[in-house]
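Keep your viewer open and follow along, one selection at a time.

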Amino acid sequence: MAELLRRVNIIMIGILLVLLPGISLAAAEEAAGQAEAKPVLGVVLLLTDQMRAEHNAKPTDMFRAAVNAKTAQKTAFTVQTIPETELTSFLGKKDILPDSVGLMREMKLAQLLEFGKSKNVDFLLVVVGDAKVSHHMKTNINNWKDKDGKTHTNAYETDEVDYADVMLRAAYVDVKKGEYVQNYSIERRSGPPAVFGNSVRSVVNDGSTRVLSEFTQKFTL
């Protein structure tokens with residue numbers, strides 16, 4: 001019986017000697033993988049209803065392309081897209097409304113850090129787009145004659161679009177350090193509406209083109 005136990009122990013020791021190098025190598029590879037894990041960059045693109053007025057999908061496409069071009073440069077990061085609804089829901093609990101005042105001015109570092117921590121990201125980029133379309137009422141005079149040659153005047157008013165002020169805010173924070181990396185804001189006024197097509201869409205699209213051009217040139221991650 002003692003001889004049998006001795007042999008079993010010898011066999012077990014032999015098995016361990018064979019397995020230990022593989023176990024050690026696997027542990028080392030796992031540790032190396034953890035050491036090489038890329039930091040996570042969470043990205044939120046949020047456009048207000050004013051930006052998408054008149055069922056205008058173009059600003060969303062323009063802003064998304066500009067943001068994607070920026071984040072594509074961060075090859076050392078894992079980029080995680082966060083749905084805008086998750087941010088608006090979070091801000092709603094802070095009584096911050098999804099409009100130009102709330103998103104452009106009241107969204108502070110503390111809220112951004114709290115949101116970033118809740119999403120388990122190392123860095124957070126929030127890009128917000130908003131627009132204000134200016135109008136004026138135009139009085140139109142229409143003169144016409146009836147069959148008896150008598151002149152009649154008809155006056156009516158139309159709502160005329162003048163231009164759009166498009167605003168962009170890009171808040172980029174280091175969640176672990178608890179600080180802004182960049183807090184960039186820009187506002188640009190569009191040109192007049194296009195002669196043909198939807199006036200609101202045309203001025204918002206033009207204003208978006210102008211702010212995104214500067215964003216692309218000046219904002220860096």
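Start by selecting Glu54: at 41% relative accessibility, Glu54 counts as partly exposed (buried means under 20% relative accessible area, exposed over 50%, partly exposed in between, with a 1.4 Å probe and protein chains only). You will find Glu54 in the loop between β1 (40–47) and α2. Check its backbone too: phi of Glu54 is near 60 degrees, a positive value in a residue other than glycine.

A word on what is loaded: this is a predicted model, in which local features need pLDDT of at least 70 and side-chain atom pairs count only at pLDDT 80 or more, while totals for chains, interfaces and linings use all residues. Residues are numbered from 1 along each chain as its sequence is written, and side-chain values use heavy atoms, with hydrogens and water left out.

Next, select Asn120, in the loop between α5 (109–118) and β3 (123–145). Here phi is near 55 degrees, again a positive value in a residue other than glycine. Asn120 is exposed, with a relative accessible area of 66%.

Now zoom out and colour by secondary structure. The protein chain has 6 helices and 5 strands (DSSP runs numbered from the N terminus, H or I of at least four residues for helices and E of at least two for strands). Along the sequence, the pattern reads α-β-α-β-α-α-α-β-β-β-α. Of the 221 residues in the protein chain, 35% are buried.

Select residues 58–71 for helix α2. Its 14 residues reach 20 Å from first C-alpha to last, close to the 20 Å expected at 1.5 Å a residue (the expected span is 1.5 Å times one less than the number of residues). Which residues of α2 are buried? They are Pro59, Thr60, Met62, Phe63, Ala66, Val67, Lys70 and Thr71. Look down the axis of α2: these buried residues fall within an arc of 165 degrees, so they line one face of the helix (the arc is that of the directions from the helix axis to the C-beta atoms).

Show side chains for Lys58, Pro59, Met62, Phe63, Ala66 and Lys70 in α2, which meet Val204, Asn205, Ser208, Thr209, Val211, Leu212, Phe215 and Thr216 in α6 (contact means heavy atoms within 4.5 Å).
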